[in-house]
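Colleague: Can we go through this one together? I have a few quick questions.

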Amino acid sequence: MTALVATPAAAAADPSATEPSAAGETFTIQPFYAPIEADGDAVPQAARTSLAPAEEREPTAEDARDVAERQGDKSFSGAGQGTALAPSGARRPPAVPDESYLDPCWDSDNGRGEYGRVYNRFAWCQRGRIGGEVRDEDDDVVGTVSIIFRAAAYGRDDGNRDVRVFLRTEPGSADYQAFFPWDEASLRSAIMHLWVDCDNFLDGCSAGGATAGKTMDEWDRDGSWHSWTVASANAGDGLDKVKRHLWHFKSRVFSSVLPGVPAKKIAQSHTMRCDSASVGFALSRSKACVFDDVIPHLQYSAISAKHGEVARHIQCALDPGCTSWPLKDGKQVPGKFVDNRDAPGLHRITEKVPSHPDGVTYYSRNSYQKDQACQQGTPYFALGLPAHLYKPPAQQCDEFPFASTREGAGVGDWNFSVLGVTAAVNGCAGRELQRYYRDDRILVWQPGVPTAAEDEFFVHITDAPDTGDPAACEEDPDEGGDPDQPPTVNAGQDVSGDEGSVITLSGSASDAETTPTTGWTYAPGPGTDPGAACSFTAEGSTTTGITCTDDGTYTVTLSANDGVNGSVSDSATVTVHNVAPAVGGPQPATMTVAPTATSSAGIVTPTPWQVFRVGQSVKLTANFTDPGLNDTHVCSANWDDGTSQTFTSRGRQCVREHTYTAPGMYTISTGVADDDDGIADAASVMVIVYDPEGGFSTQGGFLDSPAGALTGAPNVAGKLTFTFNPKYLPGEAGPVPGGGKVSASLQGASFDLDSTALEWLVVTLEDKVAVKGTGTVNGVPGYGFVAYGFDDPDASRLVVWPLSAGQYPQDTVLYDNRGTAGYDLDMSDPQPLAGGSLQVHQ
């Protein structure tokens, strides 16, 4: 009998045909995130109840900055504080994160929180626990699987408006909490997909990179880095096209055993600020993206030999209790770092900033008023700097706020300070200020700049030892010049292939000045099932392979970057075809290993010719394969007794139980259909169902044995005489019948069968009978036999084979008078008797 294979549509149309989840309940697995303690354990639930779930909040860029500030995030681009100053060359993300640099960030309290930590304007980090929670119909958690992750993100100022985001898991950190009815194996095989997404694609934000998808067991073994790019369109506020975007990690966890819910955001969103600076930076740095959830501030050390005099002057200027010149009651000098973004700060200007309304540039006004205050000129006179505190040329007139700020002396409100400092020290401090502007990406203020495009900064005076490079006081000219020509790129021809298989992409990229860096991204097309994901064999190579977990169309994009110009890209289309699942044949009858979800394809239970008593449950377990990891499946089972079922798969298994109410030989067939109408060829297995109270049979007679029935003498044809009278004795449970025997003899040939043991007896309600046992042939033991009989009309069949060929008849037989018929009793086609009779007694 052929297998009944239900399509997904058919199963949906008949809910009663689909299999209920374990214990009759419906379970789902949902993305899970939790902050961790320093040792990697999740923060107890009670400790994080005040944190609103990410799905319930609509954070803004200002929200994210406020939280980061409360957590104490600082700018690290300070002079002489032991931190590495940025090189003169433009910064770009590394191939993989520098873990030695980020370890303190990951181990910090903020790095282990929902927002992560802005380590500085060009680096962000986060460490936590992610995975899935199994929830029942009442939304109660009945199981969890989680693993510790490390994430990092790098900004850049090399002429590109994007950031690079990285994530990896910590091998060996997976935690499985399996409660009834889910076991740990189900959680280990759950698939977790991770990727990066923008909060709002309508504001010019875009995210690219391959979805990272693995089973939780694979995530626990593989600690390799995965990366994504979050980019900003070349548009925004003001002349510098300033734009802030929110981005986040997104996850989906699912398996065929545990259906997932739509993808959800992990933890909270993070801010990036991108600009296309029109002034203040070299052309090669004209575009950049940094992390804005931090208060930018310059650090000077009051005990530094290189700039300590300037630092102490600024320290006094910012202290209302310290006397500074020009003298003024209630002087309030802006720019002090107090870890509050609303405090009065400073705004960078250059000598080329458009002029003040009176026709003089802001920079010139600052310089003029500073000189007047140092020389007790107009309007400061006796309130200006005393002559003994300013001794040129050994000293220079130092001012704060700096001449390169909008808040300098030229404002005219006397809220500034001047002091004579050693010329070399003043020069060193000035060069460090210029480096700070570059290293912390401080944008230049210009008249009419929108508030959203302003870039306020502060100054923090410390008493930390100066461990910076002595060469930091030397000239550090920024590179300039016009950028070179962008590279050319070609994604190659449109291609196609099968889901789960590697499809080759042949792209190319070139650049006249250098070898550009390249990378592939993909995007599912319309109609592609949610959750479909692809991966590249070599994301950074122009020639690579792409493997997708589901059929559909995908747009693949090859981007090239020469480190100077913006990225250049080209796209092609990949058409991925569905591959039908495969069930295959039954597992060997001698299989003793317990079936698992990872066994090879085929029917695992029951085994061929397995014997069951009427009323005993028969469990069907069939493994199947499907290269489409994102496919869902519907199984079918035809039990060969007039009943059939369709039901959802469990993982890559079809599992169902059935109870037979009548004796017989039943060929169970099973098939699988995926959600893309791919149907597997059916697999089948025959079982024996007996009833010790179902009756018995007696037979005595003969039939005309055809030529070929005796394989050792294929030309022999003659009379086969046989008798059998097997029966279950009163009180016997079976399957071995306690009474009767089977014997047969072929006239004209050396073939005499005598039974030595019976194994089972089947007597059907339709007056059909079959008996299986072992015996001797011509007195030699080691043979098996199955004898079939029909009552009305009387007919018989005898199959004999050497037990060395198996415990049931297969390819090698010694005798079979109906060699082309099947072994199922209903298909056995016994031969009419030429004499004698066969009686079935119910």
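Colleague: Is Ala 210 buried or exposed?
Modeller: Ala 210 counts as buried because its relative accessibility is 13%; buried means under 20% relative accessible area, exposed over 50%, and partly exposed in between, with a 1.4 Å probe and protein chains only. This is a predicted model, where local features need pLDDT of at least 70, side-chain atom pairs count only at pLDDT 80 or more, and totals for chains, interfaces and linings use all residues. Residues are numbered from 1 along each chain as its sequence is written, and side-chain values use heavy atoms, with hydrogens and water left out.

Colleague: What does Ala 210 touch?
Modeller: Leaving out residues up to four places away in sequence, Ala 210 touches Trp 228, Tyr 522, Cys 534, Ser 535 and Phe 536. Contact means heavy atoms within 4.5 Å.

Colleague: Switching topic. How many disulfides are there?
Modeller: Seven, a disulfide being a pair of cysteine sulfur atoms within 2.5 Å.

Colleague: Which residue is joined to Cys 374?
Modeller: Cys 397, with an S to S distance of 1.6 Å. Cys 374 lies in helix α7 (residues 362-374) and Cys 397 in strand β15 (residues 395-400), so the pair ties together parts 23 residues apart in sequence. Helices (H or I, at least four residues) and strands (E, at least two) are DSSP runs, numbered from the N terminus.

Colleague: Left-handed or right-handed, that link of Cys 374 and Cys 397?
Modeller: Right-handed, because the torsion about the S-S bond of Cys 374 and Cys 397 is about 75°.

Colleague: And the link of Cys 198 and Cys 205, left-handed or right-handed?
Modeller: Left-handed, with -70° about the S-S bond. Cys 198 and Cys 205 are both buried.
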